[in-house]
Amino acid sequence: MIWAISYLPDRTHTTEGFAIMLLVFLAVGFSAPCYMSLIAYTLIIVNILVSHTFNHYEELDTMISVLLPGIVGAAALQFFTEKLYLSHYHAEKKLKYSSLYDALTRVYNRNIIPTITDESGAFRRVIPKTTGILIFDIDHFKKVNDTYGHVNGDVVLKIVSDTAKELLEEKDYMIRWGGEEFVVILPGTDKEKTKALAEQIRKSIENTENEVTKVTISIGVSEYNGISYKEAIDNADKALYQAKQTGRNKVVVY
């Protein structure tokens, strides 16, 4: 547009044209990152100054005096708007994360359940009917807290959850169900494979060294029946209870 002015026989309204062009650039500039808009605004000024060498604007001083404050104001407004947006975005992202994940172990908390189940209590389509469920907790964890303190108890919880997570796949869901109890949902995994994985997790935790104390876990295993996730978890919990009643540090299948 600026270079086309040289072909105009009448340049009476050049200043008004620049004002309109500036408004358009300022409006469009808000759709780009602040640094890109600053580059564009700078190019506008350079373009005007260069084109003045052959267009000879009669009101160059007026154009620049209007342009510069507008650019500075727009850049400042865009900078603070961008900061506010990013602050809001990160706060919303952090809130969403904290609503679905346990702060200590960084695995899911119970709030994930409504996102993967429907109103009837069945898993949504992302989780097939052939799905393994296991539930485990740390044997004699109260003794760990009483002996070493709750801070060290948290360390043990973190180590146990990290050890278990390393053996899971990306499709699997590990949920801190409460206290030292965890539920693991294994989409597409039958009961036999779930049992084998549970045994692998149990042995791995039993053999894991940590700076507090060695611990063991008891695990209950069940299989989702395609109708009710609650029933599958209840069945795994019954198997867990049996594992605890018969000596702990073992896997029991419902």
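Here are a few notes on this predicted model, going from the overall fold to the inside and then the surface.

1. Some ground rules. Residues are numbered from 1 along each chain as its sequence is written. Local features need pLDDT of at least 70 and side-chain atom pairs pLDDT 80 or more, while totals for chains, interfaces and linings use all residues, and side-chain values use heavy atoms, without hydrogens or water.

2. The fold. You'll find 8 helices and 5 strands here (DSSP runs, numbered from the N terminus: H or I of at least four residues for helices, E of at least two for strands). Their order along the sequence is α-α-α-α-β-α-α-β-β-α-β-α-β.

3. What's inside. Of the 254 residues, 42% are buried (under 20% relative accessible area; exposed is over 50%, partly exposed in between; 1.4 Å probe, protein chains only).

4. The largest nonpolar core has 25 residues, and Leu134 and Phe136 touch the most other members. A core here is a set of buried Ala, Val, Leu, Ile, Met, Phe, Trp, Tyr and Cys residues joined through side-chain atoms within 4.5 Å. Among the elements giving it two or more residues are β1 (131-138) and α7 (191-206). A second, separate core of 21 residues includes Tyr108 and Ile133.

5. Which residues does Phe136 touch? Leaving out residues up to four places away in sequence, its partners include Val160, Met174, Phe182 and Leu240 (contact means heavy atoms within 4.5 Å).

6. Ile39 sits in helix α2 (residues 34-55) and is partly exposed, with a relative accessible area of 48%.
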